[in-house]
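This report covers selected features of the model shown here. Please keep the sequence and structure in view while reading.

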Amino acid sequence: MVSEVTVAVFLGLIVGRWPVIRSATFAPGLKLAAERALRLGIVLLGAKLSIDEIVQIGGPAILIILATMTAAIALVLALSRAAAIDARLATLLAVGMAVCGNTAVVATSPVIAARPRDTAYAVATVTLFGTLAVFAYPLIGHAAHLSDPVFGLWSGIAVNDTSQVVAASSAYSAGAFAIATVVKLFRNALMAPLILAIAWVWARRTGTAGDNQAGLRRAFPVFVLGFLALAAVRSVGLIDAGLASSFETVARALILVALAAVGLNVRLEDLREVGARPLLIGLGAALIIGAATILAIVTFGLAQGLVVPR
């Protein structure tokens, strides 16, 4: 059975080809739906989980999150160096593939004084392989009969953008969706300190500094705080099961609208200007990160400590 999320993204990709959808008239609404609706939906999902459940998911996962992010950044930078990719574009590709997709790219760009072209290239590359993951990961997961904790951990760590993680995991199962959302929010929370580290390293290497404040403003995940705030309210009993169920219904509707907008926003023709080398680096990183992550999760039983929320 094909989930409604997969259908929404796919229809967005198809309808987004229509010239009228690409007009400036629709741009503000699509941006609002793809960003604000998604984040509000994630915030409302916090009412479904208690702080204890978030800790039970995020605690066992934090080490593999840190290890995977570090390895992914090192991998992309090494591949970029071998392919003689400009250092700024390589940095944007690395944070986009390892941390938080397009949000990380946009947040890092002013910190390293990246050219607009580099930012556009990185966003296009991350978007392409993240969108492919939305369709490929659930198919692989069902074919391999992965459990909800395994798939949730895998998609939460290995898929790039928050919207893509939500799409892939919710297309798989409700349990995988709950776990992947928490794991991805932990990744998002690490973005701000990573931006500071990049700013420090870049200033030492080049003797120049970009706009750190602009990068940190974009990197600070305010919606994560909203998610945790609602979870805290649920933990002290101010939100009962009935109200939490209502919040979840609204959240899923918002997320469905947001993911349709994500599909509408994809411009695959933009990749024509990227060139082969950044795309090959993105492809290699996506395949290696995805394969290595699921192999480690299954081999070492890394998902055994994860509890699917009730």
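The model is a predicted one, in which local features need pLDDT of at least 70 and side-chain atom pairs count only at pLDDT 80 or more, while totals for chains, interfaces and linings use all residues. Residues are numbered from 1 along each chain as its sequence is written, and side-chain values use heavy atoms, with hydrogens and water left out.

A122 sits in helix 5; helices (H or I, at least four residues) and strands (E, at least two) are DSSP runs numbered from the N terminus. With neighbours within four places in sequence set aside, the contacts of A122 are L89, L92, L93 and V105, contact being heavy atoms within 4.5 Å. A122 and A232 are separated by 110 residues in sequence and by 36 Å in space, C-alpha to C-alpha.

## The loop between helices 4 and 5

S109 is found in the loop that runs between helix 4 (87-108) and helix 5 (116-143). Its relative accessible area is 10%, so S109 is buried. Neighbours within four places in sequence aside, S109 is in contact with L92, A114 and T119. L92 is also among the contacts of A122.

## Salt bridges

Side chains of opposite charge can pair when their charged atoms come close. A search of the whole structure gives 4 salt bridges, each being a side-chain nitrogen of Lys or Arg within 4 Å of a carboxyl oxygen of Asp or Glu. One of them joins E248 and K48, whose closest N and O atoms are 3.3 Å apart. Because E248 belongs to helix 12 and K48 to the loop between helix 2 (27-45) and helix 3, this pair ties together parts that are 200 residues apart in sequence. E248 is buried at 18% relative accessibility, and K48 is buried at 19%.

E248 also forms a salt bridge with R252, again with the closest N and O atoms 3.3 Å apart. Both R252 and E248 are in helix 12, 4 residues apart, or about one turn of the helix. R252 has a relative accessible area of 30% and is partly exposed. Through shared partners, salt bridges join K48, E248 and R252 into one network. Another salt bridge pairs the side chains of R115 and D118 at 2.9 Å, N to O. In that pair R115 is partly exposed at 36% relative accessibility, whereas D118 is buried with a relative accessible area of 2%.

## Cavities

How many cavities of 30 Å³ or more does the structure hold? There are 2. On a 1 Å grid over the protein atoms alone, a cavity is a set of points where a 1.4 Å probe fits but cannot get out, a pocket is an open set with protein on both sides within 12 Å along at least five of seven lines, and lining residues have an atom within 4 Å of a point. Grid points are joined across faces, edges and corners, and a volume is the space filled by probe spheres set on the points.

The largest cavity has a volume of about 80 Å³. Its lining is made up of L45, K48, L49, F177, A178, T181, F227, E248 and R252. Helix 8 (174-189) and helix 12 (241-265) each give at least two residues to this lining, and helix 8 has the largest share, 3 residues.

The volume of the second largest pocket is about 360 Å³. It is lined by 17 residues, of which L77, T91, V201, W202 and R205 are the closest to its centre. At least two lining residues come from each of helix 3 (51-82), helix 4 and helix 9 (191-206). Helix 9 supplies the largest share, 6 residues.

## A nonpolar surface patch

V7, F10, L11 and I14 make a nonpolar surface patch of about 350 Å². L11 is a residue of helix 1 (residues 4-15) and is partly exposed at 46% relative accessibility. Patches consist of residues with over 30% relative accessible area and no salt bridge, with like charges joined within 9 Å and nonpolar side chains (Val, Leu, Ile, Met, Phe, Trp, Tyr) within 5 Å. Accessible areas come from the Shrake-Rupley method with a 1.4 Å probe, and for residues only the protein chains shown count as cover.

Notes
Buried < 20%, exposed > 50% of the residue type's maximum accessible area, 1.4 Å probe, protein only.
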